Amino acid sequence: MKRIPTNIITGFLGAGKTTSILSLLARKPENEKWAVLINEFGNVGVDGAILSQQGAIIKEVPGGCMCCVAGLPMSVGINALLAQKPDRLLLEPTGLGHPKEVITKLTSGMYKDYIDLRATITVVDPRHFADTAYTDNSNFQDQLALADVVVANKIDESTEYDLIAFEHFIESCQPAKAAIGKVQQGELELSWLDVERLEREAQHSHHHHSDSADMAPLPELELAPGQVFIRKENSGQGYRSCGWFFAADQIFDFSKLFTLFSNISAQRVKAVVNTERGCIAFNVVNQVVSINELSLDGFESRIEFIDKELLPWDELESILCSIVKKESL
């Protein structure tokens, strides 16, 4: 088996990792088959649902940093994708993940004959460099320290000051980055994928503890007969998430859902939802909502909220249930 060119696409919550991978998949060579291993902090698989429409081979490791939820689910996911003999493998760790452990896994003896690990690409929102909540975060710092390529996304939403702060921070990094980019809508250059990886040091040590229960992959989400939704919660590294998985026949009111997402104070909201306007992907960062229409039919809706604070999950659940359109009940 040939060694598969592999890249890690990192970035903190809301930086645009999934959007960047969607852009790459849309522009990949037509004769190539790509695979993506997705790791989400939450448990309902929103990113996997969004990426599934691009025709790539998708595997998911939900429930937190994939090196913390255990090496076993991560290895199972990688092995399943390698068995499909893709032409390229992309890994998207959660925005709260530790890239050091992912790199260590991929460069271990287990994978040296199967994986050709190339550039780690870190996607950032330039507006975060003026906010110590990000710049003081150890995961944010390590994502940048271990990056071979750093890309400022959302430059159309950033000020000149934001971009100067980004440039000053990145230019101070040692060793220097192989490439630095500025893009909109996650439009990464395909050439960055083949930048050579350099051994880089993380600034922090991460120690993980897991019991035997953590070592098993999470079960597939499946609704019991007559069950309308499942709720899944997770917490770790100072963040909390709550997600809902709704039956495919539950059709949400688009306007009311948009209003809810625009007013909720959660740091991050992701959703793929069946509405009267069709299947819509919602991406919400600090109450700014963007949408994308998806060509998915008969699909279970998935909604995920992430924040540092414990939000009123029961109240949110009641609101979500109340905005399902009556004709779907």
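**Cysteines**

I began with Cys279 in this predicted model, and found that Cys279 counts as buried because its relative accessibility is 4%, where the cut-off for buried is under 20%. I then looked for a sulfur partner and noted that Cys279 is in no disulfide, the nearest cysteine sulfur being that of Cys321, 18 Å away.

**Nonpolar cores**

Which residues have the most contacts inside the largest nonpolar core? I listed Val36, Ile121, Val149, Trp192 and Val272, in a core that has 35 residues. I then checked which elements give two or more residues to this core, and recorded the helices α1 (17-27) and α2 (46-51) together with the strands β2 (34-39), β5 (115-124), β6 (149-152) and β11 (278-285).

I took Val149 for a closer look and, leaving aside residues up to four places away in sequence, I found that Val149 touches Ala119, Thr120, Ile121, Thr122, Ala179, Trp192 and Val195.

**Sheet and helices**

I traced an open sheet formed by 6 strands, whose order is β8-β9-β13-β10-β11-β12 and whose pairing is antiparallel. The edge strands are β8 (229-236) and β12 (288-294), each of which pairs on one side only, and I noted that the twist from one strand to the next averages 15°.

How many bridges join β8 and β9? I found 8 bridges between β8 and β9 (residues 239-246), in the antiparallel sense, and when I followed Ser235 across to β9, its bridge partner was Arg240.

Finally I looked up which helices meet the sheet. Helix α8 (residues 254-263) packs on the sheet and touches β10 (268-275), β11, β12 and β13 (301-307), with its direction making about 10° with that of β11. Helix α9 (residues 313-322) lies across β8, β9 and β13, and I recorded that α9 runs at about 25° to β9.

Key. Residues numbered from 1 in each chain as written. Predicted model: local features only at pLDDT ≥ 70, side-chain atom pairs only at ≥ 80, totals over all residues. Heavy atoms only, no water. Disulfide = S-S within 2.5 Å. Buried < 20%, exposed > 50% of the residue type's maximum accessible area, 1.4 Å probe, protein only. Core = buried A, V, L, I, M, F, W, Y, C linked by side-chain atoms within 4.5 Å. Helix = DSSP H or I, 4+ residues; strand = E, 2+ residues; numbered from the N terminus. Contact = heavy atoms within 4.5 Å. Pairing = 2+ DSSP bridges. Axes fitted to C-alpha atoms, helices over the stretch in contact; angles between N-to-C directions.
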